[in-house]
Amino acid sequence: MESLLMIGLLAALGAIAITVAFMSDLLVVAMLSGIFSFTCCALFVLFDAPDVAFTEACVGAGVSTVLTIAAIRLVGRHEKRGGRRASVVGLVVATVCGLALVYGTLELPRFGDPASPASTHVAPHYIEESKGEIGIPNIVTSVLGSYRGYDTMGETVVVFTAALGVLILLGGAQSRPLGRGEAPARRDRDVILRTVATLFIPMTLFLAPYVQFHGAYSPGGGFQAGAILGGALILYGLVFGIDALNKMVPERILRVIAALGVLLYGGTGVVTMLMGHAFLDYYAFGAGPSGQAIGLTAIELGVFMTVTCVMTLLFQRFAIRGVM
Amino acid sequence: MLYAAAIAIFATFALALIRAFAGPTVFDRVLALNVIGTKTILLIAVLGFATDRYDFIDIALVYAVLNLIGTVAVLRYLIGDKESA
């Protein structure tokens, strides 16, 4: 029965991808990408990968669609069609790349093969030992935060770099003067949306710390919690206007906190080194799970700070430029 | 029983997907986006109970809270379009 659902969802993914290729209205493409993300998330759940599904849900449900639409605001809604020649070249390149990728998958081990390198290398160690070594039941959090903490630091830096890139491209330091108050007519028109948002945003604000601190037991962690809180702030900006959002969380504060998050992560690693251990070896803070708990809490907080601020910052930048 | 529910939810998911493809107006597609979001919430919740993985409900919860944002963003865009035109 599950395989039937999998086939259905995979077919839906294929259909969405093909439709996107034929659409020239970028707003529709943005919406179809949102649907693609929903379908992917359902598939991840079916494949029993709740942590991946959770991340897809946090980023795909709100933030990515909003940022795509904000970008469309800047570049225009309709795709400019190239000549016939350009599309033929594109088709050839896409076909060759696709065939090369399919050829590459022929060498991969079969799905779920117990003898594959992925199942025989370090995975058994994580599954059998992580509970005793790290002290938390969610293996994914143990791997991301502790065993492969260095990689996660790289990912946090990538998120931060994305914010830097947008800030440099879209105007950087000087923002438009605030105080472009909304017309009263608009306020009356959005009464349903405002009422719903007033009820919704506090609930979202509660969900973010739950996801942050429950990440040791269930899917979640700093990245997902950051995306949820960022989503809540973006919703606030969408409903009550970008000026209200700017007043609540000024851009300069977001920039500082985003940088502090990366600093907290990297600083944790430097502190462990100064205490005579390897970079990001949390046993420096205490033997066994107690030291791991201190280290994991610190780095997850760093990720949370960076992701929340970067998500909000990107939206603010796009919205100020595009007048959303 | 729960799997029958999952199949039924997938059927409505597919119908909404057809509406998203066919359009014809952008509002049909916004509605389809929202319906598919809701169906995904239900599908994940049902699958969680069918396989006794109650932590799946967290994923459904995140969708329930954040699903609104994409729809609001699309509609905001369209309002802005109308006002500037």
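Chain A is built from 14 helices and zero strands. Keep in mind as you look around that this is a predicted model. Reading from the N terminus, you get α-α-α-α-α-α-α-α-α-α-α-α-α-α. The C-alpha atoms of chain A fill a box of roughly 60 × 50 × 40 Å along the principal axes.

As for burial, 39% of the 324 residues of chain A count as buried.

Let's zoom in on helix 2 of chain A. With 21 residues, helix 2 of chain A reaches 30 Å from its first C-alpha to its last, which is close to the 30 Å expected at 1.5 Å a residue. Is helix 2 of chain A enclosed by the rest of the structure or open to the outside? Here the count settles things: 17 of its 21 residues are buried, so helix 2 of chain A is largely enclosed by the rest of the structure. Just past the end of helix 2 of chain A sits A:D48, whose phi is positive, at about 65 degrees.

Now move along to a pair of helices, helix 8 (residues 149–169) and helix 13 (residues 251–274) of chain A. Their axes come within 10 Å and cross at roughly 160 degrees. Since angles over 145 degrees count as roughly antiparallel, that crossing makes helix 8 of chain A roughly antiparallel to helix 13 of chain A. The crossing of helix 8 of chain A past helix 13 of chain A is left-handed. Which residues make the contact? From helix 8 of chain A come A:M153, A:T156, A:V157, A:F160 and A:A163, while helix 13 of chain A brings A:A258, A:G261, A:V262, A:Y265, A:G266 and A:G269. Sorted by class, the contact between helix 8 and helix 13 of chain A has seven nonpolar residues, four polar ones and no charged ones.

Finally, bring the second chain into view. Here 43 residues of chain A are in contact with 37 residues of chain B. On the chain A side, the elements giving two or more residues are helix 1 (2–22), helix 2 (26–46), helix 3 (50–75), helix 10 (191–213) and helix 11 (222–240).

Terms used: Residues are numbered from 1 along each chain as its sequence is written. Chains are lettered from A and ligands numbered from 1 in the order in which they are written. This is a predicted model: local features need pLDDT of at least 70, side-chain atom pairs count only at pLDDT 80 or more; totals for chains, interfaces and linings use all residues. Two residues are in contact if their C-beta atoms, placed from the backbone, lie within 7 Å. Helices (H or I, at least four residues) and strands (E, at least two) are DSSP runs, numbered from the N terminus. Axes are lines fitted to C-alpha atoms, for helices over the stretch in contact, and angles run from 0 to 180 degrees between N-to-C directions. Angles under 35 degrees count as roughly parallel, over 145 as roughly antiparallel, 65 to 115 as roughly perpendicular and the rest as oblique. A crossing is left-handed if the near helix is turned anticlockwise from the far one by less than a right angle, and right-handed if clockwise. Ala, Val, Leu, Ile, Met, Phe, Trp, Tyr, Cys and Pro count as nonpolar, Asp, Glu, Lys and Arg as charged, and the others, Gly among them, as polar. The expected span of a helix is 1.5 Å times one less than its number of residues. A residue is buried if 20 or more other C-beta atoms lie within 10 Å of its own, exposed if 12 or fewer, and partly exposed in between; C-beta atoms are placed from the backbone.
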